[in-house]
Amino acid sequence: MMWRPLDVWNAGLGWAAMRVFLGRAGFVLNMPAKERMALTDALVSGEVDSIDELALRLSPYLEMSS
């Protein structure tokens with residue numbers, strides 16, 4: 001059994017933790033809600049199952065903070 005960190009009940013917590021992590025690293029995530037929901041669904045379903053794939057999907061929405 002594979003543990004899915006962004007399951008339905010903790011998706012909000014996962015996104016909040018990621019924002020804090022990215023903020024401390026000097027990045028801002030500007031990802032529309034529709035795309036965040038689609039990515040969460042892809043994580044839960046197993047369609048996205050690697051850090052590399054997750055980074056690829058997040059990269060277009062990342063900006064350096066000022």
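These legends accompany close-up views of a predicted model.

**View 1. Overall layout of the protein.** The predicted chain folds into three helices and two strands. Along the sequence, these elements run α-β-α-α-β. Of its 66 residues, 24% are buried. The accessible surface is about 4900 Å², and carbon and sulfur atoms supply 64% of that area. Among contacts with a separation of 6 or more, 66% link residues 24 or more positions apart.

**View 2. The largest nonpolar core.** Ten residues build this core. They are Trp15, Met18, Leu22, Leu29, Met31, Leu39, Ala42, Leu43, Val48 and Leu58. The elements that contribute two or more residues are α1 (11-24) and α2 (33-45).

**View 3. Surroundings of Val48.** Val48 belongs to the largest nonpolar core. Leaving aside residues up to four places away in sequence, Val48 touches Leu39, Ala42 and Leu43, together with Glu53, Leu54 and Arg57. Leu39, Ala42 and Leu43 are also members of that core.

**View 4. Packing of α2 against α3.** Helix α3 spans residues 51-58. Its axis and that of α2 come within 12 Å and cross at roughly 170°. The two helices are therefore roughly antiparallel. From α2, the contact uses Leu39, Ala42 and Leu43. From α3, the partners are Leu54, Arg57 and Leu58. By class, this contact has five nonpolar residues, no polar ones and one charged residue.

How values were computed. Residues are numbered from 1 along each chain as its sequence is written. This is a predicted model: local features need pLDDT of at least 70, side-chain atom pairs count only at pLDDT 80 or more; totals for chains, interfaces and linings use all residues. Side-chain values use heavy atoms; hydrogens and water are left out. A nonpolar core is a set of buried Ala, Val, Leu, Ile, Met, Phe, Trp, Tyr and Cys residues joined through side-chain atoms within 4.5 Å. Buried means under 20% relative accessible area, exposed over 50%, partly exposed in between (1.4 Å probe, protein chains only). Helices (H or I, at least four residues) and strands (E, at least two) are DSSP runs, numbered from the N terminus. Contact means heavy atoms within 4.5 Å. Axes are lines fitted to C-alpha atoms, for helices over the stretch in contact, and angles run from 0 to 180 degrees between N-to-C directions. Angles under 35 degrees count as roughly parallel, over 145 as roughly antiparallel, 65 to 115 as roughly perpendicular and the rest as oblique. Ala, Val, Leu, Ile, Met, Phe, Trp, Tyr, Cys and Pro count as nonpolar, Asp, Glu, Lys and Arg as charged, and the others, Gly among them, as polar. Accessible areas come from the Shrake-Rupley method with a 1.4 Å probe; for residues, only the protein chains shown count as cover.
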